[in-house]
Amino acid sequence: MTPTPPTLLVLDADPPPRLGRLTGRARIVHTDAGRLAERLPGADVLLVWDFTSHAVREAWPGDGPRPRWVHTASAGVDHLMCPELAASDTVVTNARGIFDQPIAEYVAALVLAAAKDLPRTLEYQRERTWRHRETRRVAGTRACVVGSGPIGRAIARTLKALGVTTALVGRVSRTGVHGPDDLDRLISRADWVIAAAPLTDRTYRMFDTHRFGVMQPSAFFVNVGRGGLVDEEALVRALTRRWIAGAALDVFAAEPLPGDSPLWELPGLVVSPHMSGDTVGWRDELGVQFVELYERWAAGRSLLNVVDKSRGYVPGH
């Protein structure tokens, strides 16, 4: 008798993943957030394709068996972690490696745009205004990148290629990486402060009134990590009172950003809709990555990108 293939439950988003290579090797069941809880007990594997959804965190504590493996098509895992999942034997993996260089390029673009005053150039062009200015040189400036994972390291490498002296801050101090105790000192000297850390209990709202007050008046702040890293009210005050020169946010506490949020019209702030890592073909890359992980899992081989559920990220960096 032919063995029954494992059941793969997919929390869908549009467009759905391309899983043709798994035909006959998995029984693929698609679900939306509303039916996730009732379908979890019958699944061996859960693919969280809709990585903006909090449905897993809400559905997981229910009754019945749970998938042996959960994969999220994102770098962050805070949207799905709950105490019950963290305490379970279920393996959680993420999309580590897909977004590193695209996000690094996006950060570099923001740094260059801020240094060269490109937003105001475009504004003057729309107004048909000819106004000469002097802009900043990027080479020779200092950056502090907070988050020493693959994304943070890619940002550091890319900024170094522009001639920026870059310090990397991680959870613990080690060769080439500063610890949290050095953060205030480093951001007080930095021209560019980049948040690229995972969202954990230790990093929640780490950029608050104190941290923005420590920064130089000429500093530019960028968040491409998670929205919860920033106290948004503190950032509003910092920009309104000109404690810092400007900022760019690609992630927010609430997404999509509400239309009545003061962030939309805050002077000196660039708002982008959580797109820093999304380049042409990124969904296909995520699908291929998952299929390759599934093939390892089905063959009994160890999975890659395994998240330490107590920390909230993949260890080893």
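Reader: Which residue forms a salt bridge with Arg-35?
Author: Glu-38 does. The closest N and O atoms of the pair are 3.0 Å apart. Keep in mind that this is a predicted model.

Reader: Buried or exposed, what is Glu-38?
Author: Glu-38 counts as exposed, because its relative accessibility is 52% and the cut-off for exposed is over 50%.

Reader: And what about Arg-35?
Author: Arg-35 counts as partly exposed, at 38% relative accessibility.

Reader: How many salt bridges are there?
Author: The count comes to 12.

Reader: Which residue does Arg-68 meet in a salt bridge?
Author: Asp-44. The N to O distance is 3.3 Å. This pair links distant parts of the chain, 24 residues apart. Arg-68 sits in the loop between helix H2 (55-59) and strand E4 (69-72). Asp-44 sits in the loop between helix H1 (36-39) and strand E3 (45-48).

Reader: How accessible are those two?
Author: Arg-68 is partly exposed, with a relative accessible area of 49%. Asp-44 also counts as partly exposed, at 22%.

Reader: What does Asp-308 pair with?
Author: Asp-308 meets Arg-311 in a salt bridge, at 3.5 Å from N to O. Asp-308 is partly exposed, with a relative accessible area of 22%. Arg-311 is partly exposed too, at 32%.

Reader: New topic. Which residues form the positive surface patch?
Author: Five arginines: Arg-153, Arg-157, Arg-171, Arg-174 and Arg-202.

Reader: Where is Arg-174 found?
Author: In the loop between strand E7 (165-169) and helix H7 (183-189). Arg-174 is partly exposed, with a relative accessible area of 30%.

Reader: What else is in the loop between E7 and H7?
Author: His-178 has its place there. His-178 is partly exposed, at 25% relative accessible area.

Reader: How far is His-178 from Ser-148?
Author: In sequence, they are 30 residues apart. In space, the C-alpha to C-alpha distance is 9.0 Å.

Reader: Let's do helices. Which residues of H9 are buried?
Author: Helix H9 covers residues 232-240, and its buried residues are Glu-232, Ala-234, Leu-235, Ala-238 and Leu-239.

Reader: Why are they on the same side of H9?
Author: Because they cover an arc of only 150 degrees around the axis. There is a general rule behind such patterns. An α-helix has 3.6 residues a turn, so residues three or four places apart point the same way.

Reader: What is exposed on the other side of H9?
Author: Glu-233 and Thr-240 are exposed there.

Reader: How far is Leu-235 from Gly-213?
Author: The two are 22 residues apart in sequence. Their C-alpha atoms are 9.9 Å apart in space. Gly-213 is found in helix H8, residues 209-214. Gly-213 counts as partly exposed, at 49% relative accessibility.

Reader: Now the backbone. Which residues does a cis peptide bond join, with omega about 0 degrees?
Author: Asp-14 and Pro-15. Pro-15 lies in the loop between strand E1 (7-11) and strand E2 (27-31).

Reader: What about the bond from Glu-255 to Pro-256?
Author: That peptide bond is cis as well, with omega near -5 degrees. Pro-256 has its place in the loop between strand E10 (246-249) and strand E11 (269-271).

Reader: What is the phi of Asp-117?
Author: Near 60 degrees. That is a positive value in a residue other than glycine. Asp-117 is found in the loop between helix H4 (100-115) and helix H5 (118-127).

Reader: Is Asp-117 buried or exposed?
Author: Asp-117 is buried, because its relative accessible area is 17% and buried means under 20%.

Reader: And what is the phi of Arg-128?
Author: Near 55 degrees, again a positive value in a residue other than glycine. Arg-128 lies in the loop between H5 and strand E6 (142-146).

Reader: Buried or exposed, what is Arg-128?
Author: Arg-128 is exposed, with a relative accessible area of 81%.

Conventions. Residues are numbered from 1 along each chain as its sequence is written. This is a predicted model: local features need pLDDT of at least 70, side-chain atom pairs count only at pLDDT 80 or more; totals for chains, interfaces and linings use all residues. Side-chain values use heavy atoms; hydrogens and water are left out. Patches are made of residues with over 30% relative accessible area and no salt bridge: like charges are joined within 9 Å, nonpolar side chains (Val, Leu, Ile, Met, Phe, Trp, Tyr) within 5 Å. Accessible areas come from the Shrake-Rupley method with a 1.4 Å probe; for residues, only the protein chains shown count as cover. A salt bridge is a side-chain nitrogen of Lys or Arg within 4 Å of a carboxyl oxygen of Asp or Glu. Lys and Arg count as positive and Asp and Glu as negative; His and the chain ends are not counted. The place of a charge is taken as NZ of Lys, CZ of Arg, CG of Asp or CD of Glu. Helices (H or I, at least four residues) and strands (E, at least two) are DSSP runs, numbered from the N terminus. Buried means under 20% relative accessible area, exposed over 50%, partly exposed in between (1.4 Å probe, protein chains only). The arc is that of the directions from the helix axis to the C-beta atoms.
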